[in-house]
Every structure is written in C-alpha cells, then in structure tokens.
Amino acid sequence: MTADQNRIARSTAALVALSCVSGSLPAQGVPYRVAETPWDSESLGNHRVVLEVTQTARAVHVTVLWRRRDREPNLKAVILVDGKTGKPVVNVRRGTLTPWIGELDFEPISGPGRYYLYYLPYQSGGRSNYPNVKYLAATQTADSAWLARLASVPAVPATTVVAFEAIDSLNSFFPMEVPATPEESRKLADTHPGAAMMLFPEDRLHPIKMKEALPLRWVEREAGPADGWTDQARRGEFLAFQLGLYAIRQLDHVSVRFGELRTRSGSVIKASRITSFNTEGIDWDGRAFLHRVDVAAGTVQALWCGIDVPLSAKPGEYIGWAEVTAAGVAPLRVPLHLTVLTGSVLNAGANEPQKQTRLKWLNSTLGQRNTVLAPYHALQVAGHSIRLLGRRVDLAPSGLPRSIETFFTPEMTGYTTTAQPVLARPMSFEVGSSGETFARPHESGVRFTTREPGTVRWEAQTVGNGWTLVVRGQLEFDGYLTYDIRLKADRNLSVDDVRLVMPFAKAASSYMMGLGLTGQRRPDRLAWAWDVAKKNQDGAWIGGVNAGLWFSLRAENYTRPLNTNFYLQKPLNLPPSWGNGGRGGISIEVDSGAAVVAATSGPRAMTAGDSLFFNVNFLITPFHPIDPEYQWRHRFFHKYAPLDSIAATGATVVNIHHATPINPYINYPFIAHREMKDYIDEAHRRGLSVKIYNTVRELSNRAYELPALRSLAHEIFPTGKGGGYSWLQEHMGEDYIPAWFVPELKDAAILSSGLSRWHNYYVEGISWLVKNVGIDGLYLDDVAFDRTTMKRVKRVLLQNGRPGILDLHSANQYNERDGFINSAVLYLEHFPYLNRLWFGEYFDYQKNSPDFFLTEVSGIPFGLMGEMLEGGGNPWRGLLYGMTNRMPWSENADPRPIWKLWDDFGIKGSRMLGYWAPTVPVKTDNPAVLATVYVRPGRVLIALASWAPDTVTVKLHIDWKSLGLDSTRATLEAPVVSGLQIARTFPAGDGVPVVPGKGWFLVLRKERKGM
C-alpha cells in the first residue's frame, strides 16, 4: 500500500468513526487545560494541541479530534512548533481538516519529544484600539523532496495527543464551547422520538455559550428533562440557573412558567419569586414586558432563570418545577430541587458576581421614582401656568405652550425677577387640507391629569374639519417638556401639510446648533430635510445665553440610535409622521423680529380612522445658573497615579480611567473592587474625591454575565457583522459589533444597544460601588443611555450624602461616522444632572469662533462649565469661559499655571462677568478681542483672548464706577504665568498688544501704597 493509500485509509477510518453506530468521535481521554507558560498569541494564536512523538521517524502521522467551533478550518493555517528548539516545523502535510478532526503528517525535526500544533494563528490589522483580526490562510510549506519521499514511505502513526491548551483561562473553550458533532446530537435526539425539543438543565457556573451546537458535556452525561435541576443556595441569595433548550424543529413563542417550591413540612417559596429573563422582565423605564423567543431548528437557546430566595426562607429541601412550551408543542416539565442552607447572605449575594447573582439587577427599578433632585425644586401649578427652577411655562387651550419664560441673569450667575421670553407668541399645531386654509379649530382646553412634585401631565383636544388632535403633555422638574400628539382622521382627508410652528423671541434665538449647523449665530433662513440614513439629526437648540429651547421630533417608532463611531450601523428611524417618506423638513424664517421655526411634514392622504403621532420633546434652557465657585474648587486630575503625587499638584478630584490597575476592564469596574476601595479610602483620608470611568456604551469581555446577556437576543447587544479581536471571533461567533480594545490587557469589548435592561444593572452597579467602594462620582465617556437612566444614576450617586459628581466627556460627534450631530445637542437631555463638561477630542479651539466656544464647548448657556482637551486647549480663550485644560491626560495639559494665577488673584469668591453679558465692565475696542472679568473688592482679573487674524493693539474700555476703582489710582499688570506670559505693566491709557490666537491675563487693582 502506498503512502497516499495509507493516508486515505486513515482518513476513511476517522470519518467512519464520525458516522459509526455509536455516533461519537473516538474517545481520546485528552485533557483540556491552560498552559503553564503563555506564548506569543500575536504570532501563534490562542490555542494549541500538545503532541508527543514517541519514536524516531522521517515522518509521523497524527489525528487530532479537536472539536472546533470555527468554520472552514480546512482554509486556515496551522503552525507546528518543535518543543525543543522553538522553531516552526516546515515539512508538514495537511490531510483531513474539519471542525471535528484534523490530520497531519510532519517531520519531527528533533526526533521524539514535544511538539505544539497551533491551530488558530492570526494577524492583527486595523487600529490598535479597534483591531480586525484575520486568520492566516492555509499554505504549503513542505519541501517538495520531502513530500515526494512521503508518497512512497508512509508516515508512522507515532504521535500521541497529550492535551488541548489555551493560552489562558479566559480563552479556554472547555467545557461549554467543546461541541458535540451533528451525528452525536442527532443520536441524542433520536432517543426522544417525536419530540420537538429537549431541555438540559445547567447550573450557573457553566454558562451556555454556543447556539450552533450542543456542548459535548450534555451528550456525555446524556442529561435530559427527566434528570431535573439540583442546586443549593443561602437564605437571601439570588440563585441563577439555566434551561438549555435544544430545538429539534423550529420553535415559536417559547414560554416558561414555574410552580412554587415546597418542602415536605410545608414551607413555600412562591412561584412569583422565580423569573425567566429571556421571556419577561422590567425594562429600563420601569415597565414590565414580555419578550418573544423563537428558536431555529438545530440550535440551542439558553433560558436564564433565577430564584430570589427569601431571607426568611426556612432551611430545607424544596421541590418544584419549571415548564417550557412553544406554539403547537407539548410542554416539557423539569423538576427543580433546591436546598436552602442555614447560612444567609445580604444584597442577594451581589458581592459574588461570578455566581451570576447580579442578574437580578436586570429587573431593578432602583431610582425610578421621579423625585426632585437638587438644585431643582417641586413644580408649582397655578391656573394653566407651571413654575419650575428659573423658568415658567404657560399653556394655551391647545395644550401647547402659550409662553415660555426664563429668569436667569444675563451673566448666568444667578436669578432675576425679570422674565426673558423664549417665545415671541404661542406655539401652534396646524393642519391644512386641500382647498382650505389653516382654519382655526375648536380647542377643548387644558385638563391636568397628574400633579406631582417632579411631574405634571395634562391633556387637550382640538377638533378640526375632519380631524381630531389629542395632545398629551408632560413637564418634569428639570425643564424636560414632552408632547405625544396624535392626529386622527375622522374622514378621508387630503392634507397639504401638518406643521408645528415655534416662534422664537429675538433675544432667545441669537445662537443655534443642530440641523447641520455647528454652534454659531442663528441664520435668518434655513431649509432642512430628513436624511436619517446618514445624519443623526431630528432637532436643534436655539437660544440666547440665558433663554433657549432644544427640540427633537419623534414618533411611535423612535428608538435611540447608536452613537460615537457607530451611528451608521444603527441610525434613527424616519418618523412616519414628521418624515412622511422624505417630504417633511424644518424651516427657519424671520418674521417681525421673531425667528419662526416650522416643522413641516408635507402633503399626504389620510383614510378615515388613520392616526399619526407628531411627538416632540423640548428642553427649556438654561437648567440653572453656572457655579463658578464649584469650578474653582474642583480641580480634576485625569489619571491613575500615586495619591501623594496627585495631592502635590493641587488637584482635588481624581478620575480613574479604565485600563488601570484598580479599574482594568472597560465598563465593568467590579473585578478589582477591593484594590479600588483601598485607593479611594486613602484618597478620602487625603481630602481627595475619586470618580471612575463607567458607562454602558460597550462592555468588556471580562463581564461574568456576558453569556447570559448574549442569550437575550438583541436586547442588550445590537446585531452586527462580528469580527474584531480574536477572542470575540473565537467565543462570540458572529452577530455583534466589536468596540473598544485595550491591547495591554487584551480587554475586548462589544457594543451595547441604545436602551435595555442593562441600564437597570448599570444603576444597581453604581449603587453598589457607592455603598461598598465609596466612589464619589462617574466620568462618563460619551453616553449611550437616555435621561431616565441619567436621573436614576444621579439619585444613587447622591445616596448617603455622597457628592455624586458627574462629568461628561465627548469627542466631537460632528462627523460622517457619527451622523453629523453636535455633541451638545446629542447629550443635552443629560446636562441637568452634570457637574462639568469635557468637550473634547476633535474640538478645534483654534479655528472656531467665540460663538462655537460659547455654545458647543463651554456649557454656560445651559448652566454648566467645562474644560478643554484637544491639543491642551487654548488657555486664553478658555479663561473667557472659566475653563482650563485637564491634567495630565493630553499633550500640553497642565492647568497648574492657571490654577496658580487663580489662587494668587483669589478667584474664589470673585464675581464672574462674561463678555456676553451687557454688564461686563471691561471691553475692548476690537470686536475680535473679547474680555471676561472676575471681580473682587479692589482688584479685577481680566481674561483677554483674540480671534483677530493679525497682531492687534487694543484699548480697554473700563467702567471704573461699577468696579469701584479710581482710574487715576489703579494699575494694570500682567503677572507671570509660567509658559504663557511674562510679567508686564501696562500704563494707563496705553494699548495692549495681542497676538493671533492668544491673549493676556491682566490684573487691575488699586495702586499699592508707596507706588
């Protein structure tokens, strides 16, 4: 027999083993383990087979029964390495390579001994933080002479498979990712003739990870419905478990129900304390829901369940059942055997997340009650007027605003009794039918339905010629005003247009951002059209510094899109009402001094009984005055470092990013929580506050709950094309979107969906960190949740008297991949609960106008203050708005010279008067050079910054009387500010030279005695 005939015979024998009567691969008794010493995964991959060559030969043969999850292994490279020399074996001939079996002939160049077969080698491409791994293609490396010799002299079967090794425990496939063969699965199904499904109870420590195959673990133990589920729990513990559902045929509308658990003595755990996460739950907004589960034939669905064992439960043996059924399928009932131990545990066992105890958090309603948060106060209703912090809304009989007013000073540092109107006249919702004008319909008037401290709701109805409009409005304590507007056709209608008209007062419409405009002066004319596939745009902010309004047009099909690099993968839905198939849009025209914004929908036909939802959300700005004193006191240090070195800088707040020793994994700050607590405790002893990086935009692959979350279809994670880092491809398979990656830690995250129960978990997790670790707040790196979750986050951060500091960072979202959305417009709904902004990468502080700085970066028109990031910022322009950069994150980011200037001047307790305020007592004679002043008795700090294209000399126009200074007995000096300016004195009346893009920090004070 020739060598080729020998190889074919061996291959045939191996394949017969796959399809023999037993239906199983021949048992090797080969262990799966983690390598004692890791290797270079970037050149060899994460998995290998340990081989032992037992005799000297020119060529040896090995058959590896490797049970792989990946597809088409015949197209992928394998690398064989000599264990003695560490060099690759070149002379290798590939035989049969399937997901189940691999055959190789190779030359054992060092004779008998260890050889390592690496079977998923890859090459990394893409960006370091967004890699895209490609698996090496199969190539022929063997010498032709060696191959020719092998054709006549067969390889010797003198190789033993010693072990399957993973580079570390995280990469291990064992046991839940070692698949049974299709034949093994078929044989098991044949033991249940006529069945549509099989159930495999599984404990919480072995999460089900594969959909495409049964785990070999189940086949080997031949588990099934009759075996039931057995586990134990302490009193008060949340005990998770799984029902592995294997669909022999297509299953639709899968449901799970439970019976009560009962002891022989009559103790009971009610069925209501048992839940099925896949089929039911409590959504992020506190509403209960049912979820449809369908399972394709031949696939596995993990049904995660949990028993909330009462703290009062009596120890003993409890017996109950779980029942799974589907449409047209007889139910399968699984016995449940639970031993309740004598011991007890607090917080449902949340301190042991590796036991999946925190899955209970998915259905949490913590922080949902809309209680009023400081600094806001309870809503006050008088007639049709609603008063809230610094603002007032009067309702017209239509239910829409008759007027909106704010009561903030022009400086934005306090309140005033003088109303600043946002609207020039009432808003109106207009329906125009063919052959008719916009006729005045009959309005029923406003009827309040809810009057609570945090929420006021009302209804109004308008009847027109063949249509009825039902308006349901809601105002919350922070100024979030929402309308659900339903237009119902009472007869067949041909409608020319349905539009919402918002007439802005002149002073409340100086600036605009959104609808394709970056922060700037509002244009007199604008025509905008919907383009949701490419643009994350559905509204805008229009306003002045102390009065404005944000609006967003929505409908019943609204879902939060993805953001921050991923908008195009899950964009906005076009509202059927406002969008009207692309006929809708938004226009701006100036009429009698008012900026009239009209949201139009265009012509359409409506059939009697049809309804359309023209929903719209508003935010009345500002939310509160700015707090300069907070800005001066809270000095951020954005890096993990020894606390003594941080304290020495003068910083008072430490931000702990992810990828650090005490917060290593992105958005899962629970792994090193003990180390984090030790660090925070020491920081508190030194008078420092500590905030941590934690958001929900993506989730680390280190999260204990990842398999359970993946089982929830696309509730937590959106659909995607997969790819990314090797771990994701090897363990997640496909249908996900890879997100941030940290090469040093191999921390690979996947993107999360816009709104989901993961936000419930997030809120509970923050609460746990506040109580058990002592965090003082969060650093939010962009936000992927809505304002409902933000309010909950703020509530739990403030518990037990904690400071609850929230600062938001955003890279500039105004780009193609983010849908050309302004960061401030995107996140404005969160601003009422923030303490600071950090905007951010790609914000150009050099080329943009003061209007851009004011509206998009500073936060001042919304009651916030900020910091700069890109390139270290522009210190002169920044101080116009009370901003510095943040140390020591970006290049040139060292605010200490400015901090010293503040302290030497005594900025704490000063009065900030920005250039935008009519009362600013220092101005220049050049409109391209602006001045903001900080006033204390007897001295004034003047921040000058230039947008002039050339060096200019400016003269200061000073209101000496308002400053309380004598112009004849005052000095104007530029103090030394390290790296920014040298000391200089400017004689009275002399001009001040200012170079482009820079400025001066000047101190005006009473002349010192003796001068």
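This report describes selected strands, helices, sheets and single residues of a predicted model.

Strand E53 covers residues 777-781, and because five of its five residues are buried, the strand is largely enclosed by the rest of the structure. In a regular strand the side chains alternate between the two faces of the sheet. Both faces of E53 are covered, with Gly-777, Tyr-779 and Asp-781 buried on one side and Leu-778 and Leu-780 buried on the other.

Strands of a sheet pair through backbone hydrogen bonds, either parallel or antiparallel. E53 runs parallel to strand E49 (residues 689-693), to which three bridges join it, and within this pairing Tyr-693 stands opposite Tyr-779. E53 also pairs in the parallel sense with strand E54 (residues 805-810), here over five bridges, and Gly-777 of E53 faces Ile-805 of E54. Between E53 and E54 the chain passes through helix H13 (residues 787-797), in a β-α-β crossover that is right-handed.

Ser-689 belongs to strand E49, and with a relative accessibility of 19% it counts as buried, since the cut-off for buried is under 20%. Leaving aside residues up to four places away in sequence, Ser-689 touches Thr-652, Val-653, Val-654, Asp-776 and Ile-805. Ile-805 is also the residue of E54 that stands opposite Gly-777.

**The packing of H12 and H13**

Two packed helices are described by the angle between their axes and the distance between the axes. Helix H12 (residues 758-772) packs with H13 at an angle of about 15 degrees, and their axes lie 9 Å apart. Angles under 35 degrees count as roughly parallel, and H12 and H13 are therefore roughly parallel to each other. Their crossing is right-handed. On the H12 side the contact is made by His-759, Asn-760, Tyr-762, Val-763, Ile-766, Ser-767 and Val-770, which meet Thr-789, Arg-792, Val-793, Val-796 and Leu-797 of H13.

**Two open antiparallel sheets**

An open sheet of three strands has the order E3-E6-E5, and its pairing is antiparallel. Strand E3 (60-64) and strand E5 (92-97) stand at the edges with a single partner strand each, so one side of each is left without a neighbour in the sheet. From one strand to the next, the twist averages 15 degrees. Four bridges hold the antiparallel pairing between E5 and strand E6 (residues 102-106), in which Arg-93 has Asp-105 of E6 as its bridge partner. Helix H3 (residues 144-152) packs on this sheet, where it touches E5 and E6, and the direction of H3 makes about 60 degrees with that of E5.

Another open sheet has five strands in the order E25-E26-E27-E28-E29, again with antiparallel pairing. Its edge strands are E25 (380-382) and E29 (415-421), each of which pairs on one side only, and the twist averages 20 degrees from one strand to the next. Strand E26 (residues 385-388) runs antiparallel to strand E27 (residues 391-395), with four bridges joining them, and Ile-386 stands opposite Val-393 in E27.

**His-337 in strand E24**

His-337 is placed in strand E24 (residues 329-344), and its relative accessibility of 30% makes it partly exposed. Residues up to four places away in sequence aside, His-337 touches Trp-229, Thr-230, Asp-231, Tyr-318 and Ile-319. Trp-458 lies 121 residues from His-337 along the chain, and the C-alpha atoms of the two are separated by 52 Å.

**Backbone features in loops**

Most residues other than glycine have a negative phi, and most peptide bonds are trans. The table lists two cis peptide bonds and two positive phi values.

| Feature | Site | Angle |
|---|---|---|
| cis peptide bond | Ala-374 to Pro-375 | omega near 10 degrees |
| cis peptide bond | Thr-621 to Pro-622 | omega about 0 degrees |
| positive phi | Ala-659 | phi about 65 degrees |
| positive phi | Asn-800 | phi near 60 degrees |

Pro-375 is found in the loop between E24 and E25, whereas Pro-622 lies in the loop between strand E46 (615-621) and helix H7 (628-633). Ala-659 is located in the loop between strand E48 (653-656) and helix H9 (673-685), and at 35% relative accessibility it counts as partly exposed. Asn-800 sits in the loop between H13 and E54, and this residue is exposed, with a relative accessible area of 65%.

Notes
Residues are numbered from 1 along each chain as its sequence is written. This is a predicted model: local features need pLDDT of at least 70, side-chain atom pairs count only at pLDDT 80 or more; totals for chains, interfaces and linings use all residues. Side-chain values use heavy atoms; hydrogens and water are left out. Buried means under 20% relative accessible area, exposed over 50%, partly exposed in between (1.4 Å probe, protein chains only). Two strands pair if DSSP finds at least two bridges between them. A crossover is right-handed if, with the strands pointing away from the viewer, the path from the first strand over the helix to the second runs clockwise. Axes are lines fitted to C-alpha atoms, for helices over the stretch in contact, and angles run from 0 to 180 degrees between N-to-C directions. Angles under 35 degrees count as roughly parallel, over 145 as roughly antiparallel, 65 to 115 as roughly perpendicular and the rest as oblique. A crossing is left-handed if the near helix is turned anticlockwise from the far one by less than a right angle, and right-handed if clockwise. Contact means heavy atoms within 4.5 Å.
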